[in-house]
Amino acid sequence: MRRTGTSLTSRRTGPNYLRRCCVIACAMANCTYSAARGDMFEDFDGGGTTPYSIANSVGAAPSLVAGGPTGSFLQLQNGTANANNAVAFNEDPTVTGPRPHGKILSADFRLTVNGASGETAALGFGYAAIGPWGTSGPRNPGFEDPAHDWNAPAYQGAVMVSIDVSPGSDVVSLSGFGSQLASVDVQPMLNLDDGKFHRGVLTVTPDPSDATKAMFDLDIIEDVHGAAISHSILAGLPANINLSGLPGNRVISGATSTNLEFTADLDNVGVRIIPEPGGLALALMALVGLCRMGRRRV
């Protein structure tokens with residue numbers, strides 16, 4: 001697959017670059033999410049802000065598992081083959097709908113596969129409009145849409161990231177409102193089924209040339225609880241998507257496999273509203289200050 005979008009290095013000035021700096025800095029620092037700041041967060045340790053429902057569509061049911069790097073995590077698929085499950089969060093009024101300066105969705109995932117090449121397994125996450133997908137209760141677009149599972153989540157009324165892993169290939173894709181927008185095979189740069197937690201970060205902002213349309217950035221923080229190396233997968237990807245197409249939305253994540261023994265773990269799912277550019281500058285300065293303080297203490 002060919003990488004699509006504009007590289008981060010080509011956009012090192014202006015509010016969009018400042019916004020991305022804050023996004024990555026916050027994501028890498030594992031900033032605390034707070035309902036008081038209008039953010040949604042679920043750590044599967046009893047500290048979440050938003051109720052969620054499990055959809056056990058095929059195979060063994062998802063379950064909470066203790067002993068992760070930050071406590072418990074949700075295991076969407078438990079090492080078996082031929083399963084399809086999802087977790088759907090209720091619409092959260094503090095983060096639903098398009099926002100003037102955009103918003104950030106992040107999720108930690110850990111994937112392992114065992115099987116022959118040619119078979120597929122995938123985990124996906126993203127926003128689903130409440131019109132087709134409801135405001136609450138269990139839903140699994142990867143099972144309900146017969147034409148698309150979580151390997152290619154081009155669902156109507158949704159914007160979804162997919163991490164499709166198989167022996168020798170890790171394809172990351174972004175789909176929106178029924179069509180695939182971009183995809184890239186990240187191997188050998190990244191191995192996403194290595195048994196480590198990685199963090200996916202999807203940023204959606206208004207297109208500077210047309211504020212009614214969306215622009216997407218997708219980053220993956222490799223080994224988020226260890227080396228924490230940030231990779232820009234898609235940067236500045238314009239899409240002919242009207243942001244009003246998500247007037248109300250909820251976060252849904254799911255996993256599926258076909259003839260591959262697949263383990264898919266999910267943790268620390270959150271949505272953060274991007275503040276005014278002035279607030280971003282203050283946040284970035286505060287993060288720089290904290291980093292300097294940390295260095296002095298060492």
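Let's start with confidence. The model is predicted. The mean pLDDT of the protein is 82. A value of 70 or more is reached by 77% of the residues. Where does pLDDT stay under 50? One such stretch is residues 1-14. Another is residues 284-298. For residues 1-14, the model has 32 contacts beyond four places in sequence. For residues 284-298, it has six contacts of that kind. Keep both stretches in mind when you look at the picture.

Now the overall build. The protein has 298 residues, and 53% of them count as buried. Its secondary structure comes to four helices and 15 strands. Next, take contacts between residues at least 6 apart in sequence. Of these, 72% join residues at least 24 apart.

On to the sheet. Seven strands make an open sheet. Read across, the order is S2-S5-S14-S7-S8-S9-S10, and the pairing is antiparallel. Which strands are at the edges? They are S2 and S10, and each pairs on one side only. S10 covers residues 179-185. Neighbouring strands of this sheet are turned by 15 degrees against each other on average, direction ignored.

Strand S7 is residues 120-129, and strand S14 is residues 249-258. Ten bridges join S7 to S14, and the two run antiparallel. Find Tyr127. Its bridge partner in S14 is Val251. The ring of Tyr127 also has a charge over it: the charged end of Lys103, 4.6 Å from the ring centre. There is another case like that. Arg110 lies over the face of Phe73, 4.9 Å from the ring centre.

Next, rings with rings. A pair of aromatic rings is described by the distance of the centres and the angle of the planes. How many aromatic pairs does the structure hold? Five. One is Tyr52 with Phe89. Their centres are 5.7 Å apart and their planes are at 55 degrees, a tilted pair. Why does this pair tie together parts that are apart in sequence? Tyr52 lies in strand S2, residues 52-58, and Phe89 lies in strand S5, residues 84-89, so the pair ties together parts that are 37 residues apart. Are these two residues buried or exposed? Phe89 is buried, at 0% relative accessible area. Tyr52 is at 28%, so Tyr52 counts as partly exposed.

Compare the rings of Trp150 and Tyr155. Their centres are 5.5 Å apart and their planes are at 80 degrees, so this pair is edge-to-face. Both Trp150 and Tyr155 are buried.

Last stop: Asn259. Where does Asn259 lie? In the loop between S14 and strand S15, which is residues 261-273. Asn259 has a relative accessible area of 46%, so this residue is partly exposed. What does Asn259 touch, leaving aside its neighbours within four places in sequence? Its contacts are Ala81, Asn82 and Glu119. Now check Ala83. Along the chain, Asn259 and Ala83 are 176 residues apart, and their C-alpha atoms are separated by 9.2 Å.

That's the tour. Questions, please.

Definitions and conventions: Residues numbered from 1 in each chain as written. Predicted model: local features only at pLDDT ≥ 70, side-chain atom pairs only at ≥ 80, totals over all residues. Heavy atoms only, no water. pLDDT = per-residue confidence, 0-100. Contact = heavy atoms within 4.5 Å. Phe/Tyr/Trp six-rings, centres within 6.5 Å; stacked < 30°, edge-to-face > 60°. Buried < 20%, exposed > 50% of the residue type's maximum accessible area, 1.4 Å probe, protein only. Lys NZ or Arg CZ within 6 Å of the ring centre and 35° of its normal. Pairing = 2+ DSSP bridges. Axes fitted to C-alpha atoms, helices over the stretch in contact; angles between N-to-C directions.
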